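These are my notebook entries on a structure I looked through residue by residue.

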Amino acid sequence: CQQCPPGEFTSHSGATSCDFCGCGFETNTDGDGCQLCEEGEFSSNDGNCQASFSSISGACACDTCGPGHEVNSDQDGCDLCSPGFFSNDEGACQQCTPGEFTSHSGATSCDVCGCGFETNTDGDGCQLCEEGEFSSNDGNCQACPINSFSSVSGACACDLCGPGH
């Protein structure tokens with residue numbers, strides 16, 4: 001007698017073939033039947049439960065969280081993307097690029113800081129550019145070029161020094 005391969009079973013002795021467990025099930029420990037995949041697992045048609053996000057027992061496929069969310073660390077539910085992060089599909093939350101921010105949980109896109117501002121260190125808002133700096137519409141503060149200045153915070157452009165200065 002041969003043992004059935006993983007994901008297959010036989011319920012009686014003297015069997016000449018093995019049966020498949022099917023989707024949402026895996027072979028039990030005795031190899032003589034099937035058991036439901038646990039919550040947080042799924043099985044397509046191979047009879048092997050795999051860890052993944054599934055909110056029910058006996059799942060045949062993974063669940064998806066949707067935009068603005070990602071699978072939690074226990075892989076049994078979804079969490080909102082934190083401020084400073086976004087998700088525009090069913091994947092993991094991503095940090096906004098420099099010059100962009102999200103101020104709320106569950107964001108599906110990032111907002112641009114705009115002229116005179118840059119992203120704060122947490123990525124959840126904007127802060128004014130300092131004196132001597134400027135930003136156009138990309139939300140990234142940079143030092144004024146040689147022979148120019150900004151004497152106020154939040155400058156969108158630098159002023160040129162006059163002749164002889």
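Where is the place of asparagine 147? I found asparagine 147 in the loop between β16 (142–143) and β17 (148–149); strands (E, at least two residues) and helices (H or I, at least four) are DSSP runs, numbered from the N terminus.

Before going on, I noted that this is a predicted model, in which local features need pLDDT of at least 70 and side-chain atom pairs count only at pLDDT 80 or more, while totals for chains, interfaces and linings use all residues. Residues are numbered from 1 along each chain as its sequence is written, and side-chain values use heavy atoms, with hydrogens and water left out.

**Entry: asparagine 147.** I looked up the backbone and read a positive phi of about 70° for asparagine 147, although this residue is not a glycine. Most residues other than glycine have a negative phi. Asparagine 147 counts as exposed because its relative accessible area is 51%. Buried means under 20% relative accessible area, exposed over 50%, and partly exposed in between (1.4 Å probe, protein chains only).

**Entry: leucine 160.** I placed leucine 160 in strand β18 (residues 159–160). Its relative accessibility is 69%, so leucine 160 is exposed. Leaving out residues up to four places away in sequence, leucine 160 touches Asn147, Ser148 and Phe149; contact means heavy atoms within 4.5 Å. I also checked isoleucine 146, which is 14 residues from leucine 160 along the chain, with 8.9 Å between their C-alpha atoms.

**Entry: cysteine 158.** Is cysteine 158 buried or exposed? Cysteine 158 is buried, because its relative accessibility is 19%. I found cysteine 158 in the loop between β17 and β18. Beyond four places in sequence, the contacts of cysteine 158 are Phe134, Cys144, Pro145, Ser148 and Phe149.

**Entry: glycine 99.** I found glycine 99 in the loop between β10 (94–95) and β11 (100–101). Glycine 99 counts as buried because its relative accessibility is 1%. Among the residues that glycine 99 touches, not counting those up to four places away in sequence, are Asp111, Cys113, Thr119 and Asn140. The C-alpha atoms of glycine 99 and aspartate 111 are separated by 8.5 Å, and the two are 12 residues apart along the chain.

**Entry: asparagine 140.** Asparagine 140 lies in the loop between β15 (133–134) and β16. I read 28% relative accessibility, so asparagine 140 is partly exposed. Which residues does asparagine 140 touch, not counting residues up to four places away in sequence? I listed Pro98, Gly99, Phe117, Glu118, Phe134 and Ser135. Glutamate 100 is 40 residues from asparagine 140 along the chain, and their C-alpha atoms are separated by 9.0 Å.

**Entry: aspartate 76.** I found aspartate 76 in the loop between β7 (69–71) and β8 (78–80). Aspartate 76 is partly exposed because its relative accessible area is 36%.
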